[in-house]
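Visitor: I would like to go through this structure term by term. Please set each value against the rule behind it.

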Number of protein chains: 2
Amino acid sequence: MKYTDYVDLKYKPKKTDLICEFYMEPASKIKPHEAAGAIASESSIGTWTDVTEAPKRIDRLVAKVFSIKGNKGYYIKIAYPSVLFELNNIPQILSSIAGNIFGMKTIKNLKLLDIEFPENIIKSFRGPMYGIYGVRKLLKVKDRPLLGTIIKPKLGLNEKEHAQVAYNAWIGGCDIVKDDENLSSQSFNKFLTRVIETLKARDKAEEKTGEKKMYMPNITAETEEMLRRARFVKKHGCEYAMIDIVSCGWGALQTLREENEKLKLVLHAHRAGYAALSRNPRHGISMLVIAKLTRLIGLDQLHIGTIVGKMETPKTEVVGLDQEMEQSMILDHRLESRHMLEQRWYHIKPTFAVCSGGLHPGHISYLVKHLGKNIIIQMGGGIHGHPLGTFGGAKAARQALTAVMEGKTLKNYAKTHIELKKALEFF
Amino acid sequence: MKYTDYVDLKYKPKKTDLICEFYMEPASKIKPHEAAGAIASESSIGTWTDVTEAPKRIDRLVAKVFSIKGNKGYYIKIAYPSVLFELNNIPQILSSIAGNIFGMKTIKNLKLLDIEFPENIIKSFRGPMYGIYGVRKLLKVKDRPLLGTIIKPKLGLNEKEHAQVAYNAWIGGCDIVKDDENLSSQSFNKFLTRVIETLKARDKAEEKTGEKKMYMPNITAETEEMLRRARFVKKHGCEYAMIDIVSCGWGALQTLREENEKLKLVLHAHRAGYAALSRNPRHGISMLVIAKLTRLIGLDQLHIGTIVGKMETPKTEVVGLDQEMEQSMILDHRLESRHMLEQRWYHIKPTFAVCSGGLHPGHISYLVKHLGKNIIIQMGGGIHGHPLGTFGGAKAARQALTAVMEGKTLKNYAKTHIELKKALEFF
């Protein structure tokens, strides 16, 4: 078979096919049909030359390029028979459709933009245990965004200092406090002691405020140690665990979700490192793909960006991610040139979208306007950098949230709320 | 602290510092010192604004940019106090130095080129159990490259067909037969049956040839299932397991290496997907970093590219990777503009470099010339696409290897070796 034999623009994908959309730039002197066919070949059953003794029946397994659009840069769609994939095995799926193809000489740039999973693959995964509505029930917060903070400075506080900062944030008005992504168990702040100290602070904060308060300890480590840490937090009365999904990897994530059938923790996904894969618009793997895999495996909360703030997260991307996490049926958004494939999520619960990265109280109205109320708004520096410190910062953030929910302008609300006033002046 | 406070070009890194070299392009209107400082800040203890209540002593933990070179695109070096990192925790290390920084607005492009690990971090990892010389001892092959093949077609053969192709490759002259990277346990070829059938074929091939033959089954799956598969292959008398390191992720890899203290398998690393991270010269994570992490964790064999063949792998990169895998002391290669940092490997054994991807018998002399004898040469299509089929293809490959080791030209050797002759004519 030649590479171009993998192209069939008349092919109508079957309901059982897995569909991928790629952005592709062929290498110089390579025609788009040949480059697209090379991708379909290498990511299904082919290699650079024909195999002498291959049984004829195997031709049924070829992937087919059924759409090629654009010039110089092309958007291509490939349909893969779902028998190519092992059910409930994300690493195997990625080794096919996001494996060798990125390194092929026939292409110059290649980005995996989206994957549409067929029913049998979707149904082989668990999805989130809680999802948006399960988390809301646990927190007893029905219809406003949740407010979270990340302990700052990122690293360097000892366990008791960490717990004290958490306490100040909770009594100021935060629902959730999380560790930073690069805090795990270092010599200056050991995991086990930190969890115990911070949960003590949580209990005190719950008593003082009468509200439910949550702590998300970062259990990032090799898989067995990660599971030990997850069991430890559960044993000590914590409802949450947080994990750096890209640094730990898909194998570990699936294992954690499996173990979570017993632990029943809310799983929070931090995406540190995703942008190494997704930031370049012409090469790599999109954040949309990372997000879909995360929902499919079954994490309850996922960072999707902020539109505003310290990170580069374009508005159309973040809005698309928010929809993909929240809805049960995603329509093909090609007309809006968003390159989101159709996706029916079947039994998979929605994942709570988290906005985090350079946010402060002044951003809340903007976020709610564009992303709705089903989001978790996290502020690190925007709370701990407040002129009145963490307690004042958390108060300001909660005031801003209340104002937005009551339909008031922040400016007006700040007239009678000194912490918000100071935040708006300062940031 | 301002971002530029993280820059100190007079700083002399300590022996205990972890050093990173990045390629960086600042966002428009951002000066290189500010962008470099932002990276050092976000990847150590800082965020976008000062934290009001941070204890002063934490300033000792800041990372320092101590070198900025170039214009428009900059090569920067950052020194991190090693106390920032948890020992034996690759995900945590990556969440720091390869985490949020890729998504920051202050940069346009960022590539992590190399990491120099200090002694205490190196010593917290196991490294390969066998390494090059342990593998050679197992295979009883002292001083020639090892010859391997990948079963083709990639997918679609059933278990018995798979075993038969393996048998033909072994008796033709291959030392090693491996599964393809996207074959795990699909409905048409179940893992457990495949392993049993293929090991039977291996035993027969060993008997027929009098040589030691190895099978590398692909155990890629979520961590617990991967470990179950590893235990299964061990129990059935297999010496090897193969894993897709990028698709499975760092958490799973560390866990496998830990479990391998009991299993004592040779671990083979397939890098499918690495090029999503590493191919773009201006953004992402270099293959050198992936290779160093793999050696540090302790996989015995790793794909490093081919220079020639179907994949894009430049010669200087592949030669550099080969050195980094094989040697115990790497010098700073800045003068050759290779951007490889110094690295002392202490107790860590060398990892066997694997060349694979579009190779055929005609390539062997070229590979040995550039990479020496301490390599594993794998051919898939270059063996199974031979006009005489797998058996003839394997014979041709082994003939080419023998010719090169005996200092003969392939052309001359082919005069008396029909399989090699046909291979040279065909490919």
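Guide: A nonpolar core is a set of buried Ala, Val, Leu, Ile, Met, Phe, Trp, Tyr and Cys residues joined through side-chain atoms within 4.5 Å. Buried means under 20% relative accessible area, exposed over 50%, and partly exposed in between (1.4 Å probe, protein chains only). The model is predicted, with local features needing pLDDT of at least 70, side-chain atom pairs counting only at pLDDT 80 or more, and totals for chains, interfaces and linings using all residues. Residues are numbered from 1 along each chain as its sequence is written, chains are lettered from A and ligands numbered from 1 in the order in which they are written, and side-chain values use heavy atoms, leaving out hydrogens and water.

Visitor: Which residues touch the most other members of the largest nonpolar core?
Guide: A:Phe22, A:Tyr80, B:Phe22 and B:Tyr80 do, in a core of 258 residues. Contact means heavy atoms within 4.5 Å. Setting aside residues up to four places away in sequence, B:Tyr80 touches, among others, B:Phe22, B:Phe85 and B:Ile97.

Visitor: Why is A:Ala394 called buried?
Guide: Its relative accessibility is 0%, so A:Ala394 counts as buried. A:Ala394 belongs to helix H15 (residues 389-405) of chain A; helices (H or I, at least four residues) and strands (E, at least two) are DSSP runs, numbered from the N terminus. Beyond four places in sequence, the contacts of A:Ala394 include A:Leu147, A:Cys174 and A:Ile383.

Visitor: What makes S7 and S8 of chain A edge strands?
Guide: Two strands pair if DSSP finds at least two bridges between them. In chain A, eight strands form an open parallel sheet in the order S7-S6-S5-S15-S14-S11-S9-S8. Strands S7 (214-216) and S8 (240-244) of chain A each have a single partner strand, so one side of each lacks a neighbour in the sheet.

Visitor: How do you know that S11 and S14 of chain A pair?
Guide: Three bridges join strand S11 (residues 301-303) and strand S14 (residues 352-356) of chain A in the parallel sense. A:His303 stands opposite A:Val354 in S14(A).

Visitor: What is the volume of the largest cavity?
Guide: On a 1 Å grid over the protein atoms alone, a cavity is a set of points where a 1.4 Å probe fits but cannot get out; lining residues have an atom within 4 Å of a point. Grid points are joined across faces, edges and corners, and a volume is the space filled by probe spheres set on the points. The largest cavity holds about 460 Å³. Its lining has 29 residues, with A:Val246, A:Trp250, A:Leu277, B:Val246 and B:Leu277 nearest its centre.

Technical notes:
On a 1 Å grid over the protein atoms alone, a cavity is a set of points where a 1.4 Å probe fits but cannot get out, and a pocket is an open set with protein on both sides within 12 Å along at least five of seven lines; lining residues have an atom within 4 Å of a point.
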